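Please look over the model shown below, with attention to one helix and to the surroundings of the ligand.

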Amino acid sequence: EVLRGDAPVLVIGLGRFGAACAGELDRLDREVLAIDGNLELVQKWSDRVTHTVQADAKNIDALRQIGAQDFQVAVVAVGSSIEASVLITANLVDLKVPQIWAKAVSQSHGKILARVGANHVIYPEREAGERVAHLVSGRMLDFIRFDDDFVLAKMYPPKFIRGIGLNESGVRTKYRVTVVGVKSPGKPFRYAEANTIVTNHDLIIVSGTNSDIERFAALDR
Ligand code: ADP
């Protein structure tokens with residue numbers, strides 16, 4: 001099923017995570033309906049998000065009145081109360097919202113959310129922690145890991161690929177890593193090609209599986 005790119009999004013919970021998500025969706029010109037039980041938060045965000053409503057999302061009738069069943073996408077951004085998070089997710093499943101993203105604070109919380117019917121479970125603390133580990137290790141300057149074990153990373157190039165064409169370096173055959181782009185100081189980003197030569201002060205963007213990228217990032221630089 002292909003979902004419309006501009007489908008309005010229902011965001012439940014305007015804590016740090018939900019507010020960031022709703023605010024960013026708003027910047028992306030997405031229509032958002034944000035629900036929180038806390039009136040102060042609802043008022044605080046009312047001028048930054050298309051619609052904000054005070055309601056208890058644990059109550060399915062309240063959700064129905066708001067029209068939650070008409071949304072194609074919902075984000076459950078409640079973490080501090082696992083009971084509320086699970087009940088709200090179950091309500092959205094009962095209302096047949098087809099795409100439910102839910103934030104989990106622990107592995108078991110995530111397992112319950114998936115069992116109840118969340119389509120996507122997000123672990124913000126775990127993901128941020130792993131990301132920071134990669135950055136702190138000094139091997140990568142930036143790091144994004146997608147669901148399906150596909151990684152994009154920014155790093156200084158290992159010695160063996162410097163000064164020769166990428167094809168010649170054998171980076172792809174030896175390390176199963178693809179150099180996607182190159183950034184030389186003071187110059188714009190450019191896409192890497194077979195004959196692109198990476199020099200000493202360049203930064204590279206590479207893609208591959210997590211383990212391949214980690215192995216590649218550990219090479220002598
Ligand atoms: P964060 O860690 O991202 O700040 P919290 O779990 O602390 O997230 O915040 C969750 C938000 O969800 C709070 O603003 C809280 O008022 C709201 N919330 C919690 N339970 C409900 C509920 N049953 N209905 C609506 N909003 C809720």
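## Helix H1

How many residues does helix H1 have, and how far does H1 reach from its first C-alpha to its last? Helix H1, residues 16-27, has 12 residues and reaches 16 Å, close to the 16 Å expected at 1.5 Å a residue, the expected span being 1.5 Å times one less than the number of residues. Helices (H or I, at least four residues) and strands (E, at least two) are DSSP runs, numbered from the N terminus.

This is a predicted model, in which local features need pLDDT of at least 70 and side-chain atom pairs count only at pLDDT 80 or more, while totals for chains, interfaces and linings use all residues. Residues are numbered from 1 along each chain as its sequence is written.

Just after H1, Asp29 takes a positive phi of about 65 degrees.

## Around the ligand

The ligand is surrounded by 21 residues, the closest being Gly13, Gly15, Arg16, Phe17 and Ser80, where a residue counts if its C-beta atom, placed from the backbone, lies within 6 Å. H1 and S2 are the elements that give two or more residues to this shell, and the largest share, 3 residues, comes from H1.
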